[in-house]
Amino acid sequence: MYLDNQDFHTSEIGNGEFDITNEKNGNNVISYEINHSLTFPDKTYEVILISDDLVTKTTQLFGFKSDDAITSIINWFNQKYDKKLDIHNFEWLSNSDAYYDEDYDDEEYYD
């Protein structure tokens, strides 16, 4: 897959969380976080944050719609890092502007 051939670098940020950059000391393209619930103090949940640049590149290379590109990236991440995330764990990486195509409907992911 395209993502396997990229020169990604992983940097630990503590507590099992890490960032994946597009080059050594480069921009984050994916971040993995473990967040704590504000309502249930003992509850945690995993989040995968993906940059719009990575989603855009994937849609352009493979002709995917945004939702398919995001799912593809999450599936690659799960396989590479032994995780079990899905679209419900997804958020846009904050250092990037969200990419939306005309057919992208964020609401359908959370139904």
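How far from a polar atom of the side chain of histidine 9 does the backbone nitrogen of lysine 24 lie? The distance is 3.3 Å, and the legends below start with the whole chain and then return to this spot. This is a predicted model, in which local features need pLDDT of at least 70, side-chain atom pairs count only at pLDDT 80 or more, and totals for chains, interfaces and linings use all residues. Residues are numbered from 1 along each chain as its sequence is written, and side-chain values use heavy atoms, with hydrogens and water left out.

**Figure 1. The whole protein and its elements.** The protein has two helices and five strands. From the N terminus on, they follow the order β-β-β-β-α-α-β. Helices (H or I, at least four residues) and strands (E, at least two) are DSSP runs, numbered from the N terminus. There are 111 residues, and 38% of them count as buried. Buried means under 20% relative accessible area, exposed means over 50%, and partly exposed lies in between (1.4 Å probe, protein chains only). The protein exposes about 7,100 Å². Carbon and sulfur atoms supply 42% of that area. Accessible areas come from the Shrake-Rupley method with a 1.4 Å probe; for residues, only the protein chains shown count as cover. Contact means heavy atoms within 4.5 Å. Among contacts with a separation of 6 or more, 41% join residues 24 or more positions apart.

**Figure 2. Histidine 9 in strand S1.** Histidine 9 sits in S1, which spans residues 9–14. Is this residue buried, partly exposed or exposed? Histidine 9 is partly exposed, because its relative accessible area is 28%. Leaving aside neighbours within four places in sequence, histidine 9 touches Asp19, Ile20, Thr21, Glu23 and Lys24. Its side chain also makes a polar contact of 3.4 Å with the side chain of aspartate 7. A polar contact is a pair of N or O atoms within 3.5 Å; within protein, one must be able to donate a hydrogen and the other to accept it, and residues adjacent in sequence count only if both atoms are side-chain atoms. Valine 29 is 20 residues away along the chain, and the two C-alpha atoms are separated by 10.0 Å.

Figure 3. Glutamine 6 belongs to the segment before S1. With a relative accessible area of 29%, glutamine 6 is partly exposed. Its side chain reaches the backbone oxygen of tyrosine 2 at 3.3 Å. Asparagine 22 is 16 residues from glutamine 6 in sequence, yet their C-alpha atoms are 7.5 Å apart.

**Figure 4. The largest nonpolar core.** In soluble globular proteins, nonpolar side chains tend to be buried together. A nonpolar core is a set of buried Ala, Val, Leu, Ile, Met, Phe, Trp, Tyr and Cys residues joined through side-chain atoms within 4.5 Å. How many residues does the largest core have? It has 22, and Ile30, Ile50, Leu54 and Phe77 have the most contacts inside it. Two or more residues come from each of S2 (17–21), S3 (28–36), S4 (44–50), H1 (52–62), H2 and S5 (90–92). H2 gives the most, with six residues. Beyond four places in sequence, the contacts of isoleucine 50 include Val29, Ile70, Phe90 and Trp92.

**Figure 5. Helix H1 and what follows.** The buried residues of H1 are Asp52, Leu54, Val55, Thr56, Thr58 and Thr59. They pack against S3, S4, H2 and S5. Just after H1, glycine 63 takes a positive phi of about 70°. Phenylalanine 64 lies in the loop between H1 and H2. Its relative accessible area is 31%, so phenylalanine 64 is partly exposed.

Figure 6. Asparagine 78 is in H2, residues 66–81. Asparagine 78 is buried because its relative accessible area is 12%. Beyond four places in sequence, asparagine 78 contacts Lys83, Lys84 and Leu85. Aspartate 82 is in the loop between H2 and S5. Aspartate 82 has a positive phi of about 50° although it is not a glycine. At 68% relative accessibility, aspartate 82 counts as exposed. Asparagine 15, in the loop between S1 and S2, has a positive phi near 55°. Asparagine 15 is exposed, at 74% relative accessible area.
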